[in-house]
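I opened this notebook to record what I looked up in the structure. The entries follow the order in which I went through it.

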Amino acid sequence: MTFVRVCPLRDIPADGALAVEIDDTPVALVRTGTEVFALNDICSHAEVSLAEGEVYDYTIECWLHGSCFDLRTGKPTNPPATQPVPTYRVKIEGDDVYVSLAQES
Ligand code: FES
């Protein structure tokens, strides 16, 4: 599994998200507490950026129609979205965030 360095940890807002591109794949890096998660940045409902949504309770809420996606699984927890978004592995070394695009879900 190949991890690529994406950014320093400090670039991701606390309890917020940062949109990045990794090998042409849009990825939302989401920080909650001391943990960082990576999801595909495109909402499975109508293709807007999830990174612009709010982060709470291990979810990120799509700003357009309000579906929340579980940061750990990518699955929507409420409608209108019904399909999960892909999630990716994250590791943190020192102050650097690494992501592997090998899909988790
Ligand atoms: S575009 Fe995300 S819930 Fe509709």
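**Entry 1: elements and overall form.** I counted zero helices and nine strands in the protein; helices (H or I, at least four residues) and strands (E, at least two) are DSSP runs, numbered from the N terminus. From the N terminus on, I read the order of elements as β-β-β-β-β-β-β-β-β. The radius of gyration is 12 Å, close to the 13 Å of the globule rule for 105 residues, so the protein is as compact as a globular protein of that length. That radius is taken over C-alpha atoms, and the globule rule is 2.2 Å times the number of residues to the power 0.38. The C-alpha trace spans about 40 × 25 × 20 Å along its principal axes.

**Entry 2: basis.** I note that this is a predicted model, in which local features need pLDDT of at least 70 and side-chain atom pairs count only at pLDDT 80 or more, while totals for chains, interfaces and linings use all residues. Residues are numbered from 1 along each chain as its sequence is written.

Entry 3: Of the 105 residues, 33% count as buried. A residue is buried if 20 or more other C-beta atoms lie within 10 Å of its own, exposed if 12 or fewer, and partly exposed in between, with C-beta atoms placed from the backbone. I then took contacts, meaning pairs whose C-beta atoms, placed from the backbone, lie within 7 Å. Among contacts between residues at least 6 apart in sequence, 39% join residues at least 24 apart.

**Entry 4: the core.** Which residues touch the most other members of the largest nonpolar core? I found Ala28, Leu29, Val30, Leu39, Leu50 and Ile60, out of 25 residues in that core. Strands E3 (25-32), E4 (35-40), E7 (68-70) and E9 (96-103) are the elements that each give two or more residues to this core. A nonpolar core is a set of buried Ala, Val, Leu, Ile, Met, Phe, Trp, Tyr and Cys residues joined through C-beta atoms within 7 Å. Leaving aside neighbours within four places in sequence, I listed the contacts of Ile60, among them Ala17, Ala28, Val30, Leu50 and Phe69.

**Entry 5: backbone exceptions.** Most residues other than glycine have a negative phi, and most peptide bonds are trans. Asp24, in the loop between strand E2 (16-22) and E3, has a positive phi of about 70°. Asp24 is exposed, with 5 other C-beta atoms within 10 Å. Tyr58, in the loop between strand E5 (54-56) and strand E6 (59-61), has a phi near 60°. Tyr58 is partly exposed, with 17 other C-beta atoms within 10 Å. Finally, a cis peptide bond joins Pro79 and Pro80, with omega about 15°; Pro80 lies in the loop between E7 and strand E8 (87-93).

Conventions:
Two residues are in contact if their C-beta atoms, placed from the backbone, lie within 7 Å.
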